[in-house]
Amino acid sequence: MIRNVIIDCDTGLDDAVALLLAIRSPELNVKGITCVNGNVGLDKVINNTLRVVEHSGMNIPVYAGARTALIPDTSKEDASAVHGKDGLGGIPFPDPTSSCEAQHAVDYIVETIMNAEEPIDWITLGPLTNAALALLKEPRISKNVRMLTMMAGGVNAGNVTEVAEFNVFADPEAARVIYNSRMPMTMVPLDPLWNGGFLTVENIQKIEGACQNPWCEMASRIFNRTEKLVEEMGRNPVNGVGTVSPPDLLAVAVAIDPEIAVMFESYVDLETRGEFTRGMTVLDRREYYRKEDRPNKNKVKIAVSARQEKYADLVLNTWIRS
Ligand code: BDR
Ligand code: CA
């Protein structure tokens with residue numbers, strides 16, 4: 001059955017390939033894409049999202065959302081060091097000819113989820129600001145979400161700080177609203193990227209070999225640029241030279257087929273105040289706790305590792321099929 005989905009993103013390099021997978025997936029019907037400030041500022045995010053959608057040749061409406069975190073913090077850096085100043089690594093993809101819709105992203109999210117005939121899938125690939133604003137505006141949306149799949153958090157480590165992952169660190173208060181909701185949630189944190197959640201050199205070569213189609217062409221250029229940026233930054237590639245581990249791509253793949261990930265369930269809280277731990281996803285690993293400690297929460301499904309071959313098959317079959 002084809003599932004209706006809305007996607008919230010802060011289109012940088014990995015969001016772009018994630019969108020390409022979702023848009024091309026025969027399992028998903030992407031109804032709309034909402035943009036949030038994150039990797040780069042909102043205007044660049046919108047521009048990049050439109051570039052990806054137009055490149056794919058599809059007609060999917062794009063909405064502008066939050067320009068800042070719930071509590072704006074100008075001391076924080078964006079992620080242009082990782083994604084390039086424009087957010088797409090400076091790759092000269094054509095400028096978009098279309099623009100975003102007039103409706104605000106948060107209103108679009110609320111309206112779409114509330115009016116959905118069947119519970120809808122929701123994927124977030126950026127800071128959770130739009131998602132939290134939508135939930136605060138209309139708490140009943142949580143009842144009509146089949147699954148919220150988020151690229152968010154880290155179980156064993158962060159990337160912006162020792163313990164905080166970028167999407168959560170960018171707006172910890174928003175993340176807290178979401179983690180404390182009663183929505184069915186799957187969290188795809190950083191951890192599986194080191195454990196199966198990557199594409200091998202061979203996988204990437206196959207995608208390059210199918211460059212006559214727009215999905216593979218755009219994805220190849222992005223993977224190529226990602227590798228160069230990693231090299232320029234002097235970082236060690238996560239899984240060895242020539243491989244890529246785009247976090248948002250894995251999140252979309254898990255939303256399409258949860259069997260790609262090995263998961264466990266835990267209550268998750270969000271640290272908003274710690275001196276060293278602001279933005280940390282705090283898992284409850286206690287064997288025993290009092291029921292009243294968890295009055296209103298659901299356990300979150302957490303992807304800890306990925307089945308690499310299954311993951312690569314999904315990505316390659318989606319992009320390369322005729
Ligand atoms: C997340 O942060 C962003 O830079 C990426 O787009 C991804 O969503 C990884 O921490
Ligand atoms: Ca992202």
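A crossing of two helices is called left-handed if the near helix is turned anticlockwise from the far one by less than a right angle, and right-handed if it is turned clockwise. The structure described here is a predicted model, in which local features need pLDDT of at least 70 and side-chain atom pairs count only at pLDDT 80 or more, whereas totals for chains, interfaces and linings use all residues. Residues are numbered from 1 along each chain as its sequence is written, and chains are lettered from A and ligands numbered from 1 in the order in which they are written. Helices (H or I, at least four residues) and strands (E, at least two) are DSSP runs, numbered from the N terminus.

Eight strands form an open sheet of mixed pairing, in the order β3-β2-β1-β4-β5-β6-β10-β7, where two strands are taken to pair if DSSP finds at least two bridges between them. The edges of this sheet are β3 (62–64) and β7, each of which pairs on one side only, and the twist from one strand to the next averages 25°. Strands of a sheet pair through backbone hydrogen bonds, either parallel or antiparallel. Strand β1 (residues 3–9) is joined to strand β2 (residues 28–35) in the parallel sense over seven bridges, with V5 having V30 of β2 as its bridge partner. Strand β6 (residues 185–188) and strand β10 (residues 300–306) also run parallel, joined by two bridges, and M187 stands opposite I302 in β10. By contrast, strand β7 (residues 261–266) pairs with β10 in the antiparallel sense over six bridges, and here M263 faces A303 of β10.

Helix α4 lies across β1, β2, β3, β4 (120–124) and β5 (145–151), and runs at about 150° to β2; axes are lines fitted to C-alpha atoms, for helices over the stretch in contact, and angles run from 0 to 180 degrees between N-to-C directions. Helix α4 (residues 105–115) also packs against helix α5 (residues 129–137) at an angle of about 55°, with the two axes 9 Å apart. This angle makes α4 oblique to α5, given that angles under 35 degrees count as roughly parallel, over 145 as roughly antiparallel, 65 to 115 as roughly perpendicular and the rest as oblique. The crossing of α4 and α5 is right-handed. Residues A105, V106, I109 and V110 of α4 meet N130, L133, A134 and K137 of α5, contact requiring that the C-beta atoms, placed from the backbone, lie within 7 Å. The residues of this contact comprise six nonpolar, one polar and one charged, where Ala, Val, Leu, Ile, Met, Phe, Trp, Tyr, Cys and Pro count as nonpolar, Asp, Glu, Lys and Arg as charged, and the others, Gly among them, as polar.

The crossing of α5 with α7 is left-handed. On the α5 side the contact involves T129, A131, A132, L135 and L136, which meet A174, V177 and I178 in α7; seven of these residues are nonpolar and one is polar, with no charged residues.

The axes of α1 and helix α9 (residues 214–232) come within 10 Å and cross at roughly 160°, and the two helices are therefore roughly antiparallel to each other. Helix α1 passes α9 in a left-handed crossing. Helix α1 contributes L13, A16, V17, L20 and R24 to the contact, and α9 contributes W215, M218, A219, I222, R225 and T226, giving eight nonpolar, one polar and two charged residues.

Ligand 1 is surrounded by 15 residues, of which the closest are G12, D14, A79, F166 and P247; a residue is near a molecule or strand if its C-beta atom, placed from the backbone, lies within 6 Å of it. The elements giving two or more residues to this shell are α1 (13–24), α6 (166–169) and α10 (247–256). By class, the shell around ligand 1 holds six nonpolar, five polar and four charged residues.

How values were computed
Two residues are in contact if their C-beta atoms, placed from the backbone, lie within 7 Å.
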